[in-house]
Amino acid sequence: MSGPRVLVTGGAGTVAGWLVRTAPADIDLHVTEHRSPVPDHVRTRAAVHRLDLRRRDEVEHRISGIAPDVVVHTAYVQGERAAIVEATAAVATAAGSVGASMLQLSTDVVFAGDRPPYDESSEPDPVSDYGRWKAEAERRAAAILADVCITRTSLVVSIDPPDRATAGLVEALRARRPITLFHDEMRQPIRAEDLAAELWALVSLDRADRAGVWHLPGPEHLSRSDIGRRLARRLGLDPSPVAVGSAADHPSPRPRDPALVSRRRHVLGVRLQAVDA
């Protein structure tokens with residue numbers, strides 16, 4: 001018996017890449033690409049569809065043709081509202097039109113970070129544009145699909161291949177170029193492969209059982225500077241160029257400690273590891 005047809009948006013991204021690498025053998029897998037081409041390993045394992053998710057008519061036409069059972073929406077552009085809010089609404093609308101369920105990847109920065117920890121019932125109160133846009137995208141998706149599955153996570157880390165932030169850290173350290181990371185901004189980094197495993201576990205649940213909000217943080221509570229130093233050592237690089245700074249000196253508001261707790265994830269059965277394991 002074949003498994004579900006799953007469409008993953010944002011095929012060039014870190015999370016989508018790990019979803020493709022770790023997809024169960026029976027999944028009929030499809031991914032989207034837009035500004036950045038998907039890596040070769042994605043193209044060999046999934047059907048690739050070029051698609052601008054901001055264009056509602058185009059999204060509805062394409063998703064109608066694919067007819068997925070599940071859409072896992074990971075695509076976003078951090079500095080662009082339309083690529084977060086309008087794209088999410090378009091994907092949710094198109095998913096609903098073909099009877100598909102939807103998993104939406106969101107973030108811990110929908111919270112201000114001044115009253116941690118936050119569980120799945122906590123009300124978003126973002127302080128950054130990115131957090132506001134992701135919170136709005138959550139609301140739009142939930143208004144369109146009553147049983148949408150919203151997953152909030154923290155920093156997603158991949159070492160091989162490196163995610164964008166890790167690649168930037170490696171480049172700076174190898175060039176002996178100073179890089180400043182905050183000692184007073186806390187996050188819960190999660191390995192991309194662990195997050196992918198949890199997302200696949202959610203896909204395997206019945207639609208009604210996965211509906212609602214899920215918090216999927218990493219297993220440790222670390223400062224940005226500690227994360228950077230630990231990744232440097234894990235990669236065999238000298239961490240001394242990492243300078244310790246304060247988020248108070250950043251020109252725009254940043255959530256200091258949007259720590260997540262989960263009341264639901266135990267059913268997923270994934271054993272999490274530290275990012276530098």
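Strand β5 is largely enclosed by the rest of this predicted model, because seven of its seven residues are buried. Buried here means under 20% relative accessible area. On one side sit Ser101, Leu103, Leu105 and Thr107.

Now look at the partner strand β4. Strands β4 and β5 run parallel and are joined by four bridges. Within this pair, Val70 stands opposite Ser101 of β5.

Step back to the whole sheet. Seven strands form an open sheet in the order β3-β2-β1-β4-β5-β6-β11, and the pairing is parallel. Its edge strands are β3, residues 47–50, and β11, residues 212–215. Each of these pairs on one side only. Neighbouring strands in the sheet are turned by 20° against each other on average, with direction ignored.

Ile150 has Val213 of β11 as its bridge partner.

Next come the helices on the sheet. Helix α3 covers residues 56–66 and packs on the sheet. This helix touches β1, β2 and β3, and its direction makes about 160° with that of β3. Helix α4 covers residues 81–97 and lies across β1, β4 and β5. Helix α4 runs at about 175° to β4.

Helix α1 spans residues 14–21. Six of its eight residues are buried, so α1 is largely enclosed by the rest of the structure. The buried residues are Val15, Ala16, Gly17, Trp18, Leu19 and Val20.

Other helices pack on each other. Two packed helices are described by the angle between their axes and the distance between the axes. Take α6, residues 164–174, and α9, residues 224–234. They pack at an angle of about 70°, with their axes 11 Å apart. That makes α6 roughly perpendicular to α9. Where do they touch? Thr166, Leu169 and Leu173 in α6 meet Gly228, Leu231 and Ala232 in α9.

The loops hold some details of the backbone. The peptide bond from Pro116 to Pro117 is cis, with omega near -5°. Pro117 lies in the loop between β5 and α5. Another cis peptide bond joins Asp160 and Pro161, where omega is about 0°. Pro161 lies in the loop between β7 and α6.

Two residues other than glycine have a positive phi. Ala67 has a phi near 55° and sits in the loop between α3 and β4. At 39% relative accessibility, Ala67 counts as partly exposed. Arg176 also has a phi near 55°. Its place is in the loop between α6 and β8. At 48% relative accessibility, Arg176 counts as partly exposed.

Finally, take in the whole chain. The chain has nine helices and 13 strands. Of its 277 residues, 52% count as buried. The C-alpha atoms fill a box of roughly 50 × 40 × 35 Å along the principal axes. How does the radius of gyration fit a compact globule? With 277 residues, such a globule would have a value near 19 Å, and the chain has 18 Å, which agrees. Among contacts with a separation of 6 or more, 75% come from residues 24 or more positions apart. The chain exposes about 12300 Å², of which carbon and sulfur atoms supply 49%.

Methods
Residues are numbered from 1 along each chain as its sequence is written. This is a predicted model: local features need pLDDT of at least 70, side-chain atom pairs count only at pLDDT 80 or more; totals for chains, interfaces and linings use all residues. Side-chain values use heavy atoms; hydrogens and water are left out. Buried means under 20% relative accessible area, exposed over 50%, partly exposed in between (1.4 Å probe, protein chains only). Two strands pair if DSSP finds at least two bridges between them. Axes are lines fitted to C-alpha atoms, for helices over the stretch in contact, and angles run from 0 to 180 degrees between N-to-C directions. Contact means heavy atoms within 4.5 Å. The radius of gyration is taken over C-alpha atoms; the globule rule is 2.2 Å times the number of residues to the power 0.38. Accessible areas come from the Shrake-Rupley method with a 1.4 Å probe; for residues, only the protein chains shown count as cover. Angles under 35 degrees count as roughly parallel, over 145 as roughly antiparallel, 65 to 115 as roughly perpendicular and the rest as oblique.
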